Structures are given as structure tokens and as C-alpha cells.
Amino acid sequence: HDSFSAGDSDKRALFIHGFPGTPYELRGLAEALLERGWQISVPLLPGFGKEIVQLGSKTRHDWLTKISNEFELLKKGSKHMLLVGFSMGGALSLTSAVSLKPHQLILLAPFSKLPDWREKLLPAVRYVLPELRPFERADFNDASVRAEFKKMLPDADLDNPEIQKTLRKAVTLKTESLIQLREIGKLAKANAPKVSSPSVVIQGTEDTTVIPPYT
């Protein structure tokens, strides 16, 4: 789940992962470009991966600063810069592209809004419910739930009732983190008209997390 980079080329691609993801979710795509002669960089954003316990203290400004620093570092000596963002990373990349001006921008299911009317209540909810347990009522027979846990904990026995009980209680998410995610979506929508880089948007029609109408 850590940052990774590879290659030696003047064609360079920076990949930005989603929420609450890691570079792992973009490894296949990044390596496909590597095989085609690109230099790739896939950084871990602050507060994710092994830093997940710190996520509640991180803000959109931390993530935007990380992207800007990584982009400028990768840009040195390059002739072509590609910025690729997935989900929340798409919203962050879109906002970053206004000032960074990559030669090309690719947005994969770019996040703009949580698909739940209750997201408007988050600023007030954080004072009453500062921490959420997203898997408290998880159905471990659901293939999508199992797939998510297998990404994070590939060796976990998800059929063990004690393991299930532990995961339901142990996996927590700060309400403040969801507020930051909401603000990132609002930033992306506000900055979209300002992007001058040639852009491609790829959206799955059956995506239930980033739903097509919002994209």
C-alpha cells in the first residue's frame, strides 16, 4: 500500500489514489504505462495506508500540497506530464490541474458528492458523533464487502465470527474526514470550468460510490 515509482523517461505520469485507498488500487494501471515506456509515480497521500490512524487530523490542504510537491518533483526534466486521479484522487487532481497545468488529465470516476442526502448534515454531526464505524453492520456474505477487506487484510479469515466482530468495532472513520471529502468534491465542481488541460473522464455506469449523474 506504500508509495511506489519506476521508470526513466521524459514521459511521466503521476497517479493519485482515492478515499480511503492507497497506491495499491492504481498499481495495475500505472504498471501498464510503465511497460509502454512511461516513468510513473504513485504517492501515498498523508493519513492513508499505514498512517490511517492519523487520517482524522489530515485535511484537503495536506493532500493538495502533497500532489503539488510530487508533481513539481516529477516534472523536472520531463517533456510530457500526465496527471491521473481516481475517485477522491480525481477531484484532487482536477483542482490541482488548474495551477499545475499538466499536458493531459485523466479522471477515473472523479468524486464530486457523497450519494447520500445526509452528507449536508456532516458539519453538525461531527460534534455529536465524531467517529463512525462504517462496517458496524457489514454483511460478510456480501462479495463487495469481502473484496474491500481482502484488499486491506488479504490474510484475514473473514468467515471467523470473532474476526468479523473485531473488524466491525475496530474499523473507524472520523466524521471530520468525511467533511474533508465533501469539501474536496465542492472544490472540484468549482474548479472544473477553470481547467485548461486536455482531459478524459472515465466513469462506470453501474458505479454506486461515484454515481454517473454526479460525474
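Guide: Here it is, and please keep in mind that this is a predicted model. One place to begin is Arg 27, whose charged end sits over the ring of Phe 4, at 3.9 Å from the centre of that ring.

Visitor: OK, switching to ring against ring: how many aromatic pairs does the structure hold?
Guide: There are two aromatic pairs in the structure. In one of them, the ring centres of Phe 19 and Phe 48 are 5.8 Å apart and the planes stand at 85 degrees, which is over 60, so this pair counts as edge-to-face.

Visitor: And which parts does the pair of Phe 19 and Phe 48 tie together?
Guide: Phe 19 lies in the loop between β2 (11–16) and α1 (27–35), while Phe 48 lies in the loop between β3 (39–42) and α2 (60–75), so the pair links parts that are 29 residues apart in sequence.

Visitor: Are Phe 19 and Phe 48 buried or exposed?
Guide: Both Phe 19 and Phe 48 are buried, and for Phe 48 the relative accessible area is 0%.

Visitor: What about Phe 48 and Trp 63, how are those rings arranged?
Guide: Their centres are 5.4 Å apart and their planes are at 45 degrees, so the pair is tilted. Since Phe 48 is in the loop between β3 and α2 and Trp 63 is in helix α2, this pair ties together parts that are 15 residues apart in sequence. Trp 63 also counts as buried, at 0% relative accessibility.

Visitor: Which residues form the aromatic cluster, then?
Guide: Phe 19, Phe 48 and Trp 63 together form one aromatic cluster.

Methods. Residues numbered from 1 in each chain as written. Predicted model: local features only at pLDDT ≥ 70, side-chain atom pairs only at ≥ 80, totals over all residues. Heavy atoms only, no water. Phe/Tyr/Trp six-rings, centres within 6.5 Å; stacked < 30°, edge-to-face > 60°. Helix = DSSP H or I, 4+ residues; strand = E, 2+ residues; numbered from the N terminus. Buried < 20%, exposed > 50% of the residue type's maximum accessible area, 1.4 Å probe, protein only. Lys NZ or Arg CZ within 6 Å of the ring centre and 35° of its normal.
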